[in-house]
Amino acid sequence: MSGKRGGRIRDRRQFRTVQRDGRRREKPEEKTLDNKVPAVRMCGITKTFFGKVRANHNVSIDIQRGEILSLLGENGSGKTTLMNMLSGIYCPDCGTIEVDGREVSIRSPKDALNLGIGMIHQHYKLVDVMTATQNIILGLKEEKYDLKAASARVREICERYGFELNPEQKVYDMTVSQKQTVEIVKVLYRKADILILDEPTAVLTPQETEKLFAVLRNMKKDNKAVIIITHKLNEVLEISDRVDILRAGEFVGSLRTSETNAQEMTDMMVGRAVALNINRPEPKNPEPRIEISNLTVRSEEGLLKLDDVSFTINSGEILGIAGISNSGQKELLEAISGLQKVEKGDISYIGEDGKKVSLIGKDPLDIQRMGVALSFVPEDRLGMGLVGNMDMVDNMMLRSFRAGRGLFVNRNRPRAVATHVKDSLEVVTPGLSTPVRRLSGGNVQKVLVGREIETAPSVLLTAYAVRGLDINSSYVIYDLMNQQKERGVAVVYVGEDLDVLLELADRIVVLCGGKLSGILDGRSTNKYEVGSMMTTLGGGEAR
Amino acid sequence: MNKKKAPFAHIVKRQAISWKSVWMIRALAIAAAIATCALVTFLLTGDDPISIFKTIWEGSFASERRMWVLLQNVSILLIISLAMAPAFRMRFWNIGGEGQVMISVLATSSCMIMLGGKIPNALLIVIEIVAAVAAGAVWAAIPAFFKSRWNTNETLFTLMMNYVATQLVAYFIIIWESPRGSGKIGIINQSTQYGWLPQIGEYKYLLTVIVAAVLTVLVYIYMNKSKHGYELAVVGESERTARYIGIKVGRVFVRTMLLSGAICGIAGLLMVGGTDHTMTTTLAGGRGFTAVMVAWMAKFNPVGMIFTSFLLAFLSKGAGEVATQFGLNQSFSDILSSIIIFFLIGCEFFIQYRIMFRKEAK
């Protein structure tokens with residue numbers, strides 16, 4: 001199955017623009033024309049926060065049983081808010097919700113579950129030291145605490161839908177995808193038949209995504225209603241029957257997936273035509289900038305995080321780093337930037353004059369003082385890269401506040417830099433003195449990336465630079481990275497969306513469980529090669 | 001349809017709140033606190049509430065002397081609060097202000113007792129100042145050092161240091177007690193005034209007030225304009241960010257606590273050398289803890305702390321006055337103070353959150 005599907009998806013450009021045949025869709029026509037009572041109908045929903053932020057305005061959607069509905073929209077378009085109202089976390093200001101044609105009021109997640117509505121949130125809420133079954137029955141007061149019976153039921157649910165799950169496995173031993181499975185089984189165990197999944201594929205490998213989709217198709221066959229919140233267009237096309245699109249809190253349209261394509265959906269989602277291509281200029285005389293040899297890193301708990309990893313980062317090139325989450329990406333970047341203790345191996349910086357210096361045992365300040373212009377856009381933007389409660393000026397100062405003699409800081413230059421970043425990257429903010437945590441995710445990232453490239457780096461490390469960003473902001477970030485590449489900067493891009501990695505990176509380093517699984521050429525490889533190297537050392541036969 | 005759609009009330013975190021609304025909420029809380037105090041006093045003693053309010057006012061403003069005492073109280077409380085501010089901005093939960101003040105009280109007293117008359121008075125005063133500041137600084141830096149080295153819990157550590165300091169003071173009171181058997185030290189160098197800080201004009205408390213004012217300005221500049229102040233703010237917001245930009249977090253902990261302790265040392269010095277001229281175990285009188293509240297309520301802004309320290313000093317004076325005027329014991333004034341503090345801390349909830357009631361359908 002995977003081979004065949006792989007072939008179809010390989011050319012993404014084509015996949016995006018050519019209208020897909022509707023073979024896989026299961027006669028959605030009849031289902032809605034049937035005039036059946038929808039499983040859920042949300043009608044004229046409006047939700048306002050703090051009396052001014054309009055998260056949803058007069059949104060109406062419905063979903064049938066036996067249907068998979070995608071809810072598509074940019075960040076802040078109100079997808080999650082809308083679904084939170086369905087799952088009892090918020091109450092709508094006005095509008096009605098009907099379940100099976102009956103008007104209901106959902107005042108808590110418990111109410112929602114009683115109506116058969118279960119939501120799987122983006123961040124899993126599991127107790128690490130408990131087994132899958134224990135987590136699943138946690139909080140069920142009505143039931144007698146009978147682990148054996150519960151395990152049996154969990155097994156039965158897994159078999160029915162094709163989950164792979166060991167009910168006795170402890171959560172701390174699980175991969176992200178297994179944890180997600182536990183969350184899904186948890187709502188199924190509570191007899192939910194309307195399932196809402198918030199960006200379920202964000203953390204999965206292509207292979208895991210396929211397994212999830214297979215399960216979702218089984219649920220659909222079982223006449224359940226499934227709603228997926230997403231902004232990945234190819235997945236919308238692959239899995240759902242219908243897609244409802246939200247923009248700025250308003251409903252802009254509902255499309256039958258078999259009759260649309262990525263371009264049309266993007267245009268509706270963004271509200272204007274958007275070019276979906278990512279540029280990839282040819283690298284101009286790349287030369288080694290950072291040499292990593294036999295790098296071994298252990299976490300504070302003594303776990304092996306990186307094991308004998310060697311590769312070179314070149315100037316004028318974007319090096320992609322692929323891997324399942326937590327395969328050592330974070331440790332790798334932190335080791336290079338002097339934040340992570342290295343057990344063995346070497347990291348050397350080779351200057352433009354060919355001089356080689358080792359970065360081992362140096363902290364970020366030492367590295368800066370050695371004249372190595374190293375910039376790092378960390379994964380945790382507000383917890384590490386920026387200070388959320390400080391304004392743009394003070395955040396710009398983070399790198400440069402030591403400049404100048406004397407005891408006092410001079411805010412004139414940071415203010416000029418902040419103004420420049422704000423204007424050139426079109427940061428949307430009420431003003432330079434607004435705390436950056438109040439900005440939207442995309443603008444926060446612009447501030448961070450803007451600051452890091454303002455120092456004219458020779459090496460730019462980025463971790464999940466577009467995570468959670470909407471399409472527009474993502475493309476701004478891709479463009480910025482390409483600009484840096486053309487300036488001759490050695491750019492490292494740790495990413496999770498393989499489609500983007502494959503379009504952006506010149507070379508791709510694949511990590512698997514802390515080991516180097518392989519180095520691929522970004523122009524000639526494909527998603528499935530990278531995916532299988534992510535799960536198995538050196539690729540081999542995945543699965 | 002007349003169905004209940006939303007819960008009757010729910011709590012919402014506030015996005016931003018203007019300082020005007022903050023003080024409105026606090027003013028309401030104070031009004032409620034005073035009303036409750038009046039009610040409690042009335043119910044327990046049968047006294048007239050209006051006269052209770054009057055007494056609270058009179059506690060601070062009835063005479064010039066009382067106003068000076070209030071000013072002195074405000075100043076000492078303000079100085080200790082200024083000491084708390086940098087540490088708390090750094091999210092270093094220093095509740096050891098009490099101990100840092102007490103240890104410098106001990107340092108000042110010992111200089112006065114042991115060196116008084118043996119060296120020139122001016123030199124004695126200089127030594128006294130150095131000793132008090134150093135004692136406070138070291139006392140505060142010990143927990144910071146342990147935290148930076150072994151990641152110990154600073155809250156427990158500073159709390160324990162309070163007891164150590166107080167017990168040391170108790171021990172030396174017995175050693176130096178005079179007259180013998182009184183269990184007290186009495187006024188140190190009463191006749192010679194060795195080691196007493198100079199009095200400005202005829203105002204006994206003026207020196208303390210001036211020092212507090214100067215410190216307020218200095219701490220404000222340190223926290224908002226200096227590189228150190230910026231560093232400690234970054235450390236407080238996120239240690240990870242601090243490491244990311246190469247700030248040595250442990251060093252900032254120790255450095256800031258040295259400063260905190262030094263300012264507490266000045267408070268101890270002023271109390272012994274400037275106004276009280278004696279040493280008792282209750283000299284700090286819980287102000288090391290009250291200062292935490294003063295600093296917190298003003299969001300660590302030194303200028304705001306002038307108001308919050310004034311407010312708390314005024315209210316506690318008033319509570320004490322009510323207890324004495326109406327012939328009640330000290331416990332009653334504690335009850336009144338507690339009511340006031342309860343309302344003041346409680347109202348912070350309404351500053352952080354808002355309660356939304358269900359809108360009735362039209």
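**Reading the model**

Tutor: Start with the contact between the chains, keeping in mind that this is a predicted model. Chain A contributes 23 residues to the contact and chain B contributes 19 residues.

Student: Which elements give two or more residues to the side of chain A that touches chain B?

Tutor: They are helix H13 (364-369) and helix H14 (381-385) of chain A. By type, the residues on that side of chain A are 14 nonpolar, five polar and four charged.

Student: How do I read a sheet, and what is the strand order of the open sheet of six strands in chain A?

Tutor: Go from strand to strand. The order is E16-E17-E18-E13-E19-E20 in chain A, and the pairing is mixed. Strands E16 (374-377) and E20 (515-521) of chain A are the edges, since each pairs on one side only. From one strand to the next, the twist averages 15°.

Student: In which sense do E13 and E18 of chain A pair?

Tutor: Parallel, over five bridges. Gly320(A) has Tyr493(A) in E18(A) as its bridge partner.

Student: What should I know about a helix in general?

Tutor: An α-helix has 3.6 residues a turn, so residues three or four places apart point the same way. In helix H13 of chain B, the buried residues include Phe332(B), Leu336(B), Ile339(B) and Phe343(B). Helices H1 (19-45) and H12 (302-325) of chain B are among what covers the buried residues of H13(B).

Student: Why should helix H13 of chain B span 33 Å?

Tutor: Because H13(B) has 23 residues, at 1.5 Å a residue; its end C-alpha atoms are 34 Å apart, which agrees.

Terms used
Residues numbered from 1 in each chain as written. Chains lettered and ligands numbered in written order. Predicted model: local features only at pLDDT ≥ 70, side-chain atom pairs only at ≥ 80, totals over all residues. Helix = DSSP H or I, 4+ residues; strand = E, 2+ residues; numbered from the N terminus. Expected span 1.5 Å × (residues − 1). Buried ≥ 20, exposed ≤ 12 C-beta atoms within 10 Å, placed from the backbone. Contact = placed C-beta atoms within 7 Å. Nonpolar A, V, L, I, M, F, W, Y, C, P; charged D, E, K, R; others polar. Pairing = 2+ DSSP bridges. Axes fitted to C-alpha atoms, helices over the stretch in contact; angles between N-to-C directions.
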